[in-house]
Amino acid sequence: LAVACVLSCLCGGAFSSTERVTIRTLTGLNADNLRLYKRTAAEFEAAHPNIHIEVDAGVDMNDNKVLAMVAAGVEPDVVGIDPNYFATYADKNILLPLDSFPDLNGSEANLKGRYANAVASYSWHGRLYVLPRDVSCTAYIFYNKKLFREAGVPYPDGTWTWDTHVRKELRERDFAWVMDQLTKRHAGESRPYQYAFAASWPELYLDALFFSSNVRLWDDDEHPTKLYLDKPEVRQILQFAADGARKYRWIPNADDINMGAGSSIQDEFRKGHIAMVMSGSWEVKDMRHKWDGDWDIAAFPRYAHAETSYLPGEGTGLAIMRTSKHPKEAWEWVKWYCGPHGLIPMAQAGESQPSIRSLAREPGIWLPAKDAVGRERMPEHLSICDETALRVKNRRLPDYFNSIYGDIEGVYGDVLRGIRPVDVALSKLQREEPGRLKLALAHVDSPRYPFWPATAVGVALALGLLAWIYLPEIRKGLPKTRMAKAENRSAYLFLIPWICGLAMTVGPMIYSLLLSLSDSNIIQTPRWRGLGNYVDAFSPAVDDTLFVSLRQTFLYAAMSIPLGISVALGLALLLNRPIKGVALYRAIYYIPSLASAVAISLVWMKLFDKDHGLINAILYGIDGRNGLFHLGPLLSRWVGTPGEPISWLGNPKTVLPAFVMMGLWGAGGGTIIFLAALQGIPASYLEAATLDGAGAIRKFRSVILPLLSPALFFSLITGVIGALQFFSQAFVITSGGPDRATLFYMVWVYQKAFQDLKMGYASALAWILFVIILFFTLLQVKWAKNWVHYEGELR
Amino acid sequence: VSGRIQTDATHYAASARRGIYLHWAGDFTFWIVLFLGALLCLVPLYEMVVMSLKTAEEISNTDLWSWPTHPTFDNYRTVLTDPELNFIRKMANTLFLSTLPTLGVVLTSALVAYPFARLRFVGRDRLFLVLLSTMMLPAVVTMIPNYVIFAKLGWINTYWPFVVPAFFGGGAFNIFLVRQFLLAIPNEMDEAARIDGATHATVFWRILMPNCGPVLATISVFSFVGGFKDFFGPLLYLNDPDKMNLEVGLRTLQNAHKTDWHLMMAGAVVVMAPILIIFVVCQRYFVKGIMLTGGK
């Protein structure tokens, strides 16, 4: 009977699931990743004919696409999660706990066979939400064996340690001594031609120091309530890091070498300019692919005085959304993709280290096969990744702590760049941040958002807007004559498309205005904050960014708007000449606006590069000393780095002018507008002026300029809006630094909205900017009556 | 009616009458300035081409500005034939995503701009401020509610979010620009036509539109290039990688930790070619605008 029962159940199950179930998954956009993902999905579908895997693409983990999807209720069944962002999702109760599935220790999920710390980092209040896929320690040291031999330093064998000073007596067992030996200078020069060490990104080095020393900066990673930012140990470690970069110059300054958007440090390493580079396991494939040098890897040294020594790390895993309608089928896919079926091809492609330990340790999967040849055999000691993966600790900070952590990272970055000495930086942090933390903790309980009253207010706002538009007109009197009525009617007929679209524009605007009165993390229902967000923005004790950010944004606008408009206008006048070949030039001048944004950013970063950049080559000459009219050394003294070339994008004083120059490159758009406007100038006007004996300048001022004034007015209005909302390049190239000099208003708003998940606060900030822009626009509209000349005047 | 012919031609002719010699020096500086500026503008193009002709290894080991030792077209072949990148399909998507919205923008922005520039209607000046104000709130905070609206309409993973808004006036920027140009056209002609009994629609279509060549060409270029190079829109509103455009496609050659510069730049060169061609074709209209009607 029991057998029959089981059989019928099985058959029933099989029959009822003849309908094919679709599992929507969201994964990273990267082509290699997509290729692997789709291949694995195809194999899965072949094995599970009743399940279809729909592969959707987003950027990477934790991007705003997932947030938008969740907000709209169209989230996929399965998403990829990074351990460092896991807390953000786990905390909001949108992931399905996986411990309800019975086969957690089966051959696929194999929880016991996985790195225990990876599993732990995906658990929240004792429940598991994500099945780990790959793990990576990010503190591998890739070293150039040739440079070690040349310096007479034995290869690292894992016994080295670090302390906050050089310990000569330990020789190669002291990391600082090794760095000192590997730093090479030409006689009489302070800047080395060969640096000892660099991290893939500057924060990574500090992470490695703090993780491996196990010095705590706050009491509890998952719920920080106390900060220990100026403890003596913290001070010493930070001083050690700063000295390595500024005093001994073992490490290239962050602004020296991080120009190529992360890739150039590895390139400098491969060129032999840096002896050791710290990065994650993804680097292995790239090194094999791009370099036939002699290299190997070692683990970041342990701290001399710490018993437990952690390392920073990354990784990915898959989670099932709570809203999924087919959790069982989704789980089948999660197990497949994060189990041997998905992990073996991933590891064999050299992408990343599997989270199942036995796979990570078996040659021919992640470790090179025994019979591998050439570059595929590298690196010799890849097997250390098993031990380092065990030491990885992931930082799982709660949302309320994000902005404080951001402040801390920013100040540490300034220390490494030499913008602030350690003492000043730490006392600044210790003075400001505990208060902010206290406020952040105090905010946790706010009342429910009054949904219906808010809707009523929203409707009232829309009605108020209508009243503001039409009441004065009604009071003044509506059109009376038949002609006027007909004109009014046809005007509104012409406006129909815009009015349809307006609902789509004004709706979200009013929504964001209402949201600015709330605490909202996008995912959960907003909580009522009243005017609290606006009060916070204007209280420096809570957040002093508003004034800093506005100052930088206004400075940028004050430089870029007049320059941008005059260059565009000048170019238009030049390119308007009917000379043969000018058409080609018009196209050329528009190229910077057409070319790929990534290429443009890359070229700019290279033009402004401290050592190899074109601009510094002109200022300092090819030899890097004097150059044209000693301009370089003069500028260097002015910006406070005498004796060194200017680091344009790394110095708070020069970074704004650099951005203004970048902006000028895009003047082609404005030029087109002016070129078009020049076509509307009747030739007869110019002829008349010539007959009256007007010179070129006179003609420009009295004829051309007034006739161009409508286009100029347009450029001014949109220029102010564009400059005050300046965002993308600053976000991509400098992301706010150095010393908040490029924390333009929109960069700040974006960080608050999507990095700190404070959408309510971000909305309040956006509305503050709205009022500022509105003010300047109204001012210009008023002022326009004096100088803008319309041929077909407004009646 | 005196013909309103090309400004610069007469301007130049008039100048020429005043003395060739004086202009010789001016012309010389003119060409020098033009040439140097053009060089600066060509730097990114040079860089794109150079990187697209190098292997990954060469990019990594040589100077950024150096000419490749063994130029190779392999990167182009890879980009054009890679099944995951699906270049042809993505090019078709991209052309669709830039052409159709451009059509909508050109048609409807002129329609909407016309009453703002030429007609008297109730609430015009304040509605114009409303129009301007829709540009003032940063998109960062309206992105989520917009997405929610599109999701409720069932438009996610379709091309509707790109096409429909374009036909609703095409945004304040374009409407405002066309309005400014309409205002610069003297209104004697349409007054006369009105007296002769022409409707507003006739005035718009027969008298103003023919004079709008340059500005319509301008907004076509802006919206075509904008659609061609849109990254965040397709990334956000589309899910299926095969529905996305080339700009997103190129970004698939990059991830958090590394970038395949050689492939990315080869792709970027191929992507740039069609827009450059469109621009060269369109630019005749910025400078040879039809200015044969109207005038004083």
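How much area is buried between chain B and chain A?

## The interface at a glance

This is a predicted model, and in it the area buried between chain B and chain A comes to about 12,700 Å². Carbon and sulfur atoms give 71% of that. Looking at chain B, the residues that lose the most area to chain A are V122(B), M136(B) and H257(B). Put together, those three make up 6% of what the chain B side buries.

As for contacts, 140 residues of chain B touch 140 residues of chain A.

## Polar bits and who supplies them

The rule picks out 4 salt bridges across the interface of chain B and chain A. A salt bridge also joins the side chains of R35(A) and D82(B), at 2.8 Å from N to O.

On the side of chain B that touches chain A, helix 2 of chain B (residues 20–52) provides the largest share, with 18 residues. Sorted by type, the residues on that side split into 89 nonpolar, 28 polar and 23 charged.

## A sheet in chain A

Over in chain A there's an open sheet of 4 strands, ordered 9-10-7-11, and its pairing is mixed. Strand 9 (195–199) and strand 11 (295–299) of chain A sit at the edges, each pairing on one side only. On average, neighbouring strands of this sheet are turned by 25° against each other, ignoring direction.

Strand 7 (residues 140–144) and strand 11 of chain A run antiparallel and are joined by 5 bridges. I141(A) stands opposite A298(A), which belongs to strand 11 of chain A.

Methods:
Residues are numbered from 1 along each chain as its sequence is written. Chains are lettered from A and ligands numbered from 1 in the order in which they are written. This is a predicted model: local features need pLDDT of at least 70, side-chain atom pairs count only at pLDDT 80 or more; totals for chains, interfaces and linings use all residues. Side-chain values use heavy atoms; hydrogens and water are left out. Contact means heavy atoms within 4.5 Å. Buried area is the accessible area (1.4 Å probe) that two parts lose on being put together, summed over both. Helices (H or I, at least four residues) and strands (E, at least two) are DSSP runs, numbered from the N terminus. Ala, Val, Leu, Ile, Met, Phe, Trp, Tyr, Cys and Pro count as nonpolar, Asp, Glu, Lys and Arg as charged, and the others, Gly among them, as polar. Two strands pair if DSSP finds at least two bridges between them. Axes are lines fitted to C-alpha atoms, for helices over the stretch in contact, and angles run from 0 to 180 degrees between N-to-C directions.
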